Amino acid sequence: MLTTLQSHEEPLHLGAQFKGDSGRIYRIEEVLADRRKPLLCVYRARTAESADEGEYVIKNMIPGEFEYQLDLQKQLAACPNLRSVVDTIPDLGLFIYPFLTGDLLHIKANNILVDYDESIQGEIIIKKVQISDLEDAVLVPPGKWLRGPLCGNAIWRSPESWCRSRQNQASDMIYVMLNEMVFRVRDCELHASDSWRYVLRRHISYFADEQGFAGLLEHIGESNAFHGRLITLAGDFTSESPREPFESWNYVEPEFRDLVGKMTNLDPNRRITAREALEHRWFTQAT
């Protein structure tokens, strides 16, 4: 029996059935993520028709962004390594995606999805790898910049985004994890009104060279309030509290150190994009 009345402020009930725009009927099997205020839940669902035994992921969209996100999904639907929407339930603001078997959490939690089989011998056979969660994405045309918004989480936000300066594809490459989240400052610092101070200090400590730092200052411009703040932060390092340049982290293999250094260059005009990163010899020589 289809569920016809459902609050936009409460999670979907287990066992509830809904019809998508495609006409397919979905039954809620499990709540994968229960987030409220705003309602941003994630569910695992099955189709109710015997002809389709597939599993799906159903997600609440960010309130007020259903049409924008749907248009974005349509533009990217042909990309094989992006998980795109396969159905919607507009009345409830729900997007429906294919359910993949597993996920890979070492790149960025829950954003890299892997569909795989396991052989009788216990070997993992990778069938498909896709990036998910386009809800915070925006398409920036080549040669254009996004200006003004504070993009991304504080732990992987680019320095030019902290400065609310121009941002493009290279701005999305700054997040790095090396057995630890290198920009993960203490909770009291992360939630401080001047959290930028503690995170940007790590950017400068680990990834600033003279040319990259000068390029970032030129990029944001002297009229930007962060121009002086960055100069002050750079001058705070002493012999007792020195910089810790990533290039000197000898426990990291040289090729990977070179790749990460190019991905985290403070100057967004010199920082490589994701496409350029995949062409780096650390990837191309991988066996």
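How many salt bridges does the structure hold? The count, taken from a predicted model, is 14 salt bridges. Some of them are described below.

Another salt bridge is formed by Glu189 with Arg186, and here the closest N and O atoms are 2.9 Å apart. Are its two partners buried or exposed? Glu189 is buried, since its relative accessible area is 12%. Arg186 counts as exposed, with a relative accessibility of 54%.

A further salt bridge forms where the side chains of Arg270 and Asp209 meet, at 3.9 Å from N to O. Which parts of the chain does this pair tie together? Arg270 lies in the loop between helix H7 (254–263) and helix H8 (274–278). Asp209 lies in the loop between helix H4 (195–207) and helix H5 (210–220). The pair therefore ties together parts that are 61 residues apart in sequence. Arg270 counts as partly exposed at 34% relative accessibility, and Asp209 counts as partly exposed at 38%.

Salt bridges can also share partners, as a group of four residues shows. Glu30, Arg44, Arg46 and Glu55 are joined in this way into one network.

How values were computed: Residues are numbered from 1 along each chain as its sequence is written. This is a predicted model: local features need pLDDT of at least 70, side-chain atom pairs count only at pLDDT 80 or more; totals for chains, interfaces and linings use all residues. Side-chain values use heavy atoms; hydrogens and water are left out. Buried means under 20% relative accessible area, exposed over 50%, partly exposed in between (1.4 Å probe, protein chains only). Helices (H or I, at least four residues) and strands (E, at least two) are DSSP runs, numbered from the N terminus.
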